[in-house]
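Biologist: Could you take me through this assembly slowly, and tell me at each step what the words rest on?

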Amino acid sequence: MTPTAAHATTGTPATRRLGAVVAVLLALLVMSGLWWSAEDVVQGSTVRIMYVHVPSIWVAYMAFALTAVCSGAYVSGRSRSVAWDRVAGASAEIGVLFVAVSLVTGSLWGRLTWGTYWVWDARLTSTAFLFITYVGYLAVRRLGGTLRQRARRSSVIALLAVLEIPLVHFSVELWRSLHQEASVANPNARVELDGLMLFTLMLGLATFTALFVWLLLHRQRVILLEDTVADRGLDEAIASRRDEAGAR
Amino acid sequence: MEHASFIIASYVLTFGSIAAYAAWVVRRGRAMARRATREEMPWT
Amino acid sequence: MNRRSVAVAVARKDLAVEAGSRVIVNQVAPFALVVMVMFAFALDNDGILQRVAPGLVWLATLFSMLVVVQRSFAVESADGALDALRVAGVDPAAIFLGKSAALMVQLFALEVVLVCAAFVLYGVEPTAAGWAEAFVTMVAATVGLGFVGTLYGGLAAGARGRETLLPLLLLPVVAPVLIGATRATEAAFGSGGASVSEGWPWIGLLAVFAVIFGAAGSVAFGPLVDE
Amino acid sequence: MENVVELRGVVAVLGGFPALAGVDLTVARGEVVLLQGPNGAGKTSVLRVCAGLLPVERGGGTVLGMDVTSQREAIRSRVGLLGHTNGLYLDLTVTQNIRFWASTVGATTEEVAAAMARMGLDGRLASVRADRLSAGQRRRCALASMLVRRAELWLLDEPHAGLDAAGRDEIDAVLRDAVSAGATVVVSSHELERAGALASRVVTVDGGMIVDGGTR
């Protein structure tokens with residue numbers, strides 16, 4: 001049975017409700033971030049960038065952690081269910097988007113605060129490596145082959161990333177701490193957040209987390225559909241392959 | 001507001017790219033769903 | 001067959017292939033030397049060259065490594081030998097360890113050439129203790145590079161677009177080696193006034209890297225190269 | 001009689017293309033089965049599935065009693081496959097190649113010498129680099145490395161292709177030896193008369209399926 005037009009979507013009543021909540025939260029976040037909240041004593045108006053910057057990097061970390069967990073579940077589970085791999089892939093893709101967003105907003109913030117778009121600070125550098133690592137992971141997912149091949153290869157790569165990222169992070173941290181050419185403001189300086197600012201930041205985290213869940217639900221369903229349609233293509237290919245035998 | 005251009009730019013970039021991605025996902029989902037049966041979409 | 005003797009056989013075979021073809025000697029080593037000379041053109045200043053010589057040595061090593069890794073797996077796929085090894089049920093961990101060992105030997109030889117080139121071309125003058133530290137650094141870094149190079153090289157070997165996939169996967173992973181080996185070599189060469197004792201923590205980092213990827217690679221190589 | 005190969009409805013995919021579209025095949029121990037069929041019919045893929053090399057996408061079965069989907073590793077160590085490629089290292093000599101193969105399975109020096117003599121690779125050819133060999137000589141190298149491996153199930157993909165008459169006779173003689181030593185053989189060939197004389201059964205492959213003779 002072909003679904004009716006109304007059903008031909010990756011949405012469900014639940015995701016629609018979640019989507020509505022996300023939309024309201026986003027509107028609140030923009031209002032609160034740009035108008036209602038006060039400017040920071042130290043950072044001035046630049047603190048407003050943090051309300052989108054911090055939640056995006058938070059989502060990226062969460063997404064990559066989920067990718068690692070799902071890849072581990074795929075490798076260790078007896079069932080070897082490709083569903084784990086779909087969630088892992090969808091999550092990594094969203095993570096790459098959000099880490100890119102946070103790198104861009106971070107460098108805009110850096111231009112205002114430090115006077116430069118990029119500094120070779122430990123956190124920035126290891127975040128850049130994080131980005132490249134998962135771009136590589138997505139490239140491995142596109143290598144082709146059967147679903148099980150894709151799942152096994154990409155889950156192994158995701159688990160290797162779990163080893164790689166702390167090593168890169170640790171070495172970059174060590175690199176910076178021993179070679180401190182500190183002329184820029186300390187990026188880790190504590191920002192004193194008043195009530196409304198703290199609320200806005202928390203609102204940002206909640207909003208982006210809900211947004212992540214919404215995107216993830218849709219994206220992994222799209223991957224399922226892509227896999228299904230590819231599989232259907234296989235059915236047709238098998239049928240036409242069988243006809244070759246009769247044709248001769 | 002001081003530095004308005006940078007702040008607006010970061011909001012636009014953030015929400016713009018997320019919106020573009022979300023739109024792409026939803027549209028791709030619709031295109032794919034049209035080629036699938038309801039049994040193949042366990043959420044319906 | 002036990003893992004160790006198969007690994008030794010694989011390593012000896014890879015080195016025999018190099019002895020028979022001399023691709024590393026005749027092509028990769030000259031390439032690495034040209035890179036060193038090009039760095040000198042780009043950074044036309046004795047003081048700067050001396051200061052950044054350690055970083056240049058390791059950058060040249062990494063670039064050459066990409067070529068050596070591709071060569072290492074081109075040998076396997078030329079007549080379906082990797083397929084044949086898989087059909088023969090040869091332990092993938094043994095293949096991994098053997099190919100890594102051969103890669104390490106080749107990389108180490110390249111590094112010796114590059115360090116000598118830095119000595120001659122860039123005018124670095126280490127002390128005796130510095131030479132010893134440089135040697136330990138090279139060993140520790142090479143072991144780590146050999147393991148990750150083989151691990152990701154095996155994955156990229158069967159892939160379309162392998163020439164671009166390998167650097168994309170490999171270069172972020174080897175960032176700790178580049179950082180650690182460069183700092184340790186700076187200490188060994190005394191670049192920028194660094195003292196020999198500053199290098200040892202970095203060598204520790206290189207050793208941790210080598211151990212982690214040696215263990216991970218033995219487990220992960222099989223699933224990655226298998227179809 | 002025990003079945004060495006039992007495939008049921010096997011579908012195998014190569015780069016999105018269904019190389020096998022539902023293969024049913026049984027081969028009993030000690031049989032010599034000839035696969036015949038047009039180019040692109042799927043003969044090579046049948047052999048690669050039996051060797052545990054090509055993953056099974058749908059369907060299933062066993063080879064030497066081991067599952068073709070979950071126990072491919074275990075299958076591989078007990079079968080020998082001679083494919084379109086010979087698995088040689090082109091920069092190494094004949095002796096180096098065969099010694100390497102022998103060392104991965106723990107064969108003795110005597111076994112290596114015997115296999116090389118059996119395939120006429122002692123003497124002048126022994127020290128020739130593999131990239132200087134003719135197609136037939138390379139095939140003999142690959143067969144020698146199969147001899148040292150003592151496989152229970154021999155899978156040979158067009159072993160006669162590109163060989164002169166003497167080379168073909170040589171292959172047939174090696175196959176007879178293997179069968180009399182208790183091996184089971186599945187061979188694909190265009191040399192129907194020649195291979196048919198060896199074979200206990202002829203199986204026709206077409207369109208990624210077995211269209212004739214798949215089961216006894």
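This is a predicted model: local features need pLDDT of at least 70, side-chain atom pairs count only at pLDDT 80 or more; totals for chains, interfaces and linings use all residues.

Modeller: Residues are numbered from 1 along each chain as its sequence is written, chains are lettered from A and ligands numbered from 1 in the order in which they are written, and side-chain values use heavy atoms, with hydrogens and water left out.

Biologist: Why is A:Thr133 called buried?

Modeller: Buried means under 20% relative accessible area, with exposed over 50% and partly exposed in between (1.4 Å probe, protein chains only). A:Thr133 has 10% relative accessibility, and therefore counts as buried. This residue lies in helix 4 (residues 122-141) of chain A, where a helix is a DSSP run of H or I with at least four residues, a strand is a run of E with at least two, and both are numbered from the N terminus.

Biologist: Which residues does A:Thr133 touch, not counting those up to four places away in sequence?

Modeller: A:Thr133 touches A:Ala161, A:Glu164 and C:Pro172, where contact means heavy atoms within 4.5 Å.

Biologist: What makes A:Glu226 and B:Arg28 a salt bridge?

Modeller: The definition asks for a side-chain nitrogen of Lys or Arg within 4 Å of a carboxyl oxygen of Asp or Glu. The side chains of A:Glu226 and B:Arg28 meet at 2.3 Å, N to O, and so form a salt bridge under that rule. Across the interface of chain A and chain B the rule finds 1 salt bridge, whereas across the interface of chain C and chain A it finds 0.

Biologist: What is the area buried between chain A and chain B, and how do you know how much they touch?

Modeller: Buried area is the accessible area (1.4 Å probe) that two parts lose on being put together, summed over both. For chain A and chain B this comes to about 3700 Å², with carbon and sulfur atoms giving 74%, and 47 residues of chain A are in contact with 35 residues of chain B. Of the 4 pairs of chains in contact, chains A and B share the most contacts.

Biologist: What are the values for chain C and chain A?

Modeller: About 2300 Å² is buried between chain C and chain A, of which carbon and sulfur atoms give 80%. Helix 6 (128-157), helix 7 (162-173), helix 8 (175-189) and helix 9 (200-225) of chain C each supply at least two residues of the side that touches chain A, and helix 9 gives the largest share, 10 residues.

Biologist: How do you know that chain B and chain C do not touch?

Modeller: No contact joins chain B and chain C, and their closest C-alpha atoms lie 24 Å apart. Chain B and chain D do not touch either, with nearest C-alpha atoms 18 Å apart.

Biologist: What makes a group of residues a nonpolar core?

Modeller: A nonpolar core is a set of buried Ala, Val, Leu, Ile, Met, Phe, Trp, Tyr and Cys residues joined through side-chain atoms within 4.5 Å. The largest one has 149 residues, and A:Phe98 and C:Met36 are among the members that touch the most others. Helix 3 (residues 46-77) of chain C gives the most to this core, with 13 residues. Apart from it lies another core, of 38 residues, including D:Val32 and D:Met116.
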